[in-house]
Amino acid sequence: LNLVASLLIAGGLLYVSFAGVGPLPPLGAAFNPGSGVWRAATEGVPISSRTLHLAGLHGPADVAFERNGIAHIRADNEEDLFLATGYVHARFRLFQMDLLRRQSGGRLAEVFGPAALPVDEFELELGLLRTARAEWALIPSGSEGQRVLMAYSKGVNDRIEEATRDGGLPPAFKLLGYQPQPWTAIDSLLIKGDMTQTLDFQDEPLTSALLLKSLGPDRTAQWFPVQAPNEQHPYAPGPYKKDAPEPLPVQRTVSDATAAAASEVLDRLDSLPDWAVHRSSNSNNWAVDGSKSVTGLPLMAGDPHLELTLPAIWYQVDLQSPTYSVSGVTIPGTPVVVIGRNRHISWSLTNVQNQATLYYKEETDSGRPDQYLWNGTWRHFDHAVYDIPVKGGGSTRLDVKLSVHGPVITRQSQTMSVAWIGNQPSADLEVLLRIGRASNYGAFRDALRAWHAPSQNFVYADDAGHIGMIGAGYYPIVRSGDPWLPLHGTGESDILGTIPFDDIPQVYDPPGHFVFSANQRPVGPEYPYYIGTALDEFDPGYRANRIYSVLSGPGKFSAGDMQRLQNDNHDQLAIRVLPKLVDALDQTRLTPLQSRAAALLKTWDADMDAIWAAPAIWWTFWQEYRELTFKPWWDAGRVPVSRSDVSGALDQDLETWTLQDPRNSVFTPPGAPPQTALDVMVKAFGAALDTLTRQLGPDIGTWQWGRIHSRTVSSLLRVNQLSWGPRPASGDSRTVNAAGGTSGPSWRLIVDWNSKQALGIYPGGQSESPLSPWYQNLVGVWWRGEYLPLLSGDEARAAGGSVSWKFQP
Amino acid sequence: MKLPVLLKSPARAGPPAPVELDPEPAVRRSASQALTAAAPAAIFLGAMTAGGAAAVGLGYWWVTPLVGVAIGAILPWPRLAVAVSGLAGLAAWAVPLLWLAVRAPVGQTAAVVAAIMGLAGVGPIGPLAITLVVGILLCVSGAWVGLAARKFIDPWLEKEK
């Protein structure tokens, strides 16, 4: 009995040590000092020069690391170059890469357990995995795209094998008790799809349906129009090639069933992580040509705004082979430079924000199970069946119904399917390869013909003095119906096609001598195609207007001016509205506290500096002003949409009415005595001071903006101790230096085509290991608004403190 | 290796030996014999522990319970076997950790692991404690198996003798 008991206990302990139980990691495997989590301590030691043997290499390759971790990879041919890139990515970002492919491929529950199952189910329904497989199938055998993806995968797998062999897997793998599966080309395509989802999967048609149902057709049309009512500056102002289409009739009603379906889907989307749905605006980019540059040749700047994480979404590289010579940032898990420069051209991206997602109400009949009506015929739904492995619980079967429009994403209410451009195969990696090799605008533009999703504004500048901007991507055109609402799935509202490439927003060497985008509507009201509404798809235009006001001014610009503009904290909405507020306060009897606050606003130049009180007063005032104006209408209509979800559209309305129509009926709540904008502003001002007094105390001198506004660079695992910040921060969501809480400029790039020098910085570090000196070493540089030069490989190798790895076959 | 005394537990050594008329010389003899016999046993145990530490340092952590089994099989006294195996387990896991600490930031690593595990409140001591406790438990559980197995080993050894 003693022996049996001892064997049982020892066996149980060994089992737990090997496999883990419940939330417990495999204790022996995870915690032993030889190959467990402690092995990560070696990441805390700076790397040293060495020689490595990589399976699959055709010849020698090498990587030189600058003192700050920036990698310069060099090989004699492209396959070896991308193989080495795969190895380097995996060496420093393997867990992040695995997490990204699991996230988009619906395999999170396999390692995180049942809590992650809803995310997996949604991702598999949405179809990133189906799209990635379709894209892989479409890449011709033996083509360059296939060879690059295969070589990259080999490099990643070289590292996975090495780390598995020597116990060097990142600690998260050990604590979660799993080993990474071999990398495949489809994994790289999945990660590309993940970015498309973050940037282009939208829920606005569902929100519009609920607004229409609750606010009624007139107010919905007035408050959420197709064309924003405020002053904006499109980068492609026309003239355009086609006549404007006939205006579409406004749909007057939304059925109860559609509203219920919209609510169901929105509830599902609300329960998903932030990255699953595109909800905010992203990014700035611009270029000036030689006539506006102190150097006589173009200057280009770009800063994509994304969720800021440690490790960052970017890994900075300089890739050199005889046929591919590009510096910039890559996304770990994908082989090519997304934003950067080569010897002749440079480019950067912002999100177009056009409507990329359409919802279809499928006509079904309880007498015809599993069928839907389309083009007069009852068709069976297609099905995609997935077995989702769940940690500690076997697997769960998911049956995804597919109509001709896309996957069905409702479960209880009206059958609704979704068509979004991310489900269209898009040869993005091949496009970026071609861009990397392009040496002029023609080649650059030609490459972008094959870019379908996510739709992006590519800014361009070159060493020959040219600048341009192209809003590349699919812009779906429907046969009939209101695309900003759920459409009929019976065929009459199907997607006819996309706007032809020659007609998409684009501009080349414009007469103003500069191009710019900041997610504003890229075209003017005369543009002959529908591309989206003002309902939070396009940015309200404040960042774009600020950039426009600076670049359209007199004088010439230097790289330093570009830096200052990227870090600019002036709130353009404040610049416009503040005079009205000050006027209103001048006409009002104020308390001593209000007088002091008003005096601060009068001398304030709309710079959202963290150390001043005026930005806190302004920001809080505007929140209160929006609330006092719209909340009564929301309450009266029982609107089931959060005002913060549509705040961009409401801000443009409020700005416009304040400046141009202060007697608009919106300022008079239902059933209340008449009010004007000035009345509401004064009330909002008082309410703002009450709020700040409660929040920050009675001493207005201590109301620094930084006390209520901070920035955080969160760890990918959402562990506070591994995050950077929160720190009191300047700027706001409307400033060029976009400063949301956890999102913002994820990479800043400036290219000067006279000196051929480039500067860049991202908030993060090259290594995902919190122990590495390269975990967050770049955040401080970014935080101070400083940059690092993008060195050439030779410069990096010559610089002191660099380390080299030589790769041998 | 010949371990004539320690391999036999007094309680399990078969029929009692005939009573000596003069016990004192016998006592002196057995103490001396025991000391002589204990030296190779101690060396053996030390070697096992060192081997265990080396194996753990190389990532073969599952050697730890085997070290415990050997200790349990060698030491006839359960309390001593448990204590020695606990110390051996501790040493087998602590020594490689200390060796690593000489070259790399183990304390920082502990803090990071604690944060990832949601044990930030406990601090670096949490993962360190888990590590050492796992080493001890694995070795002690092995020793228990070794001790229990003696019931089957001893008769076999007697027969061999």
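## How much of chain A is buried

Of the 809 residues in chain A, 62% are buried, where buried stands for under 20% relative accessible area, exposed for over 50%, and partly exposed for in between (1.4 Å probe, protein chains only). This is a predicted model, in which local features need pLDDT of at least 70 and side-chain atom pairs count only at pLDDT 80 or more, while totals for chains, interfaces and linings use all residues. Residues are numbered from 1 along each chain as its sequence is written, chains are lettered from A and ligands numbered from 1 in the order in which they are written, and side-chain values use heavy atoms, with hydrogens and water left out.

## Overall build of chain A

Chain A has 24 helices and 31 strands; these are DSSP runs, with H or I over at least four residues for helices and E over at least two for strands, numbered from the N terminus. Its C-alpha atoms fill a box of roughly 85 × 75 × 60 Å along the principal axes.

Take the contacts in chain A with a separation of 6 or more: residues 24 or more positions apart account for 72% of them. Contact here means heavy atoms within 4.5 Å.

## Where chains A and B meet

The contact takes 33 residues from chain A and 36 residues from chain B. About 3000 Å² is buried between the two chains, and carbon and sulfur atoms give 85% of that. Buried area is the accessible area (1.4 Å probe) that two parts lose on being put together, summed over both. On the chain A side, Phe31(A), Pro33(A) and Trp38(A) lose the most area to chain B, together 23% of what that side buries.

Between chain A and chain B there are 0 salt bridges and 3 residue pairs in polar contact (both at pLDDT 80 or more). A polar contact is a pair of N or O atoms within 3.5 Å; within protein, one must be able to donate a hydrogen and the other to accept it, and residues adjacent in sequence count only if both atoms are side-chain atoms. On the side of chain A that touches chain B, the elements giving two or more residues are α1 (2-19) and α2 (27-31) of chain A, with the largest share, 11 residues, coming from α1(A).

## Salt bridges

Over all chains, the count comes to 37 salt bridges, each one a side-chain nitrogen of Lys or Arg within 4 Å of a carboxyl oxygen of Asp or Glu. One of them joins Arg147(A) and Glu79(A), whose closest N and O atoms are 3.7 Å apart. Arg147(A) sits in helix α7 (residues 144-166) and Glu79(A) in helix α3 (residues 78-105), so the pair ties together parts of chain A that are 68 residues apart in sequence.

## A look at Gln320(A)

Gln320(A) lies in strand β8 (residues 315-321) of chain A and is buried, with a relative accessible area of 18%. Its side chain makes a polar contact with the side chain of Ser325(A) at 2.6 Å.
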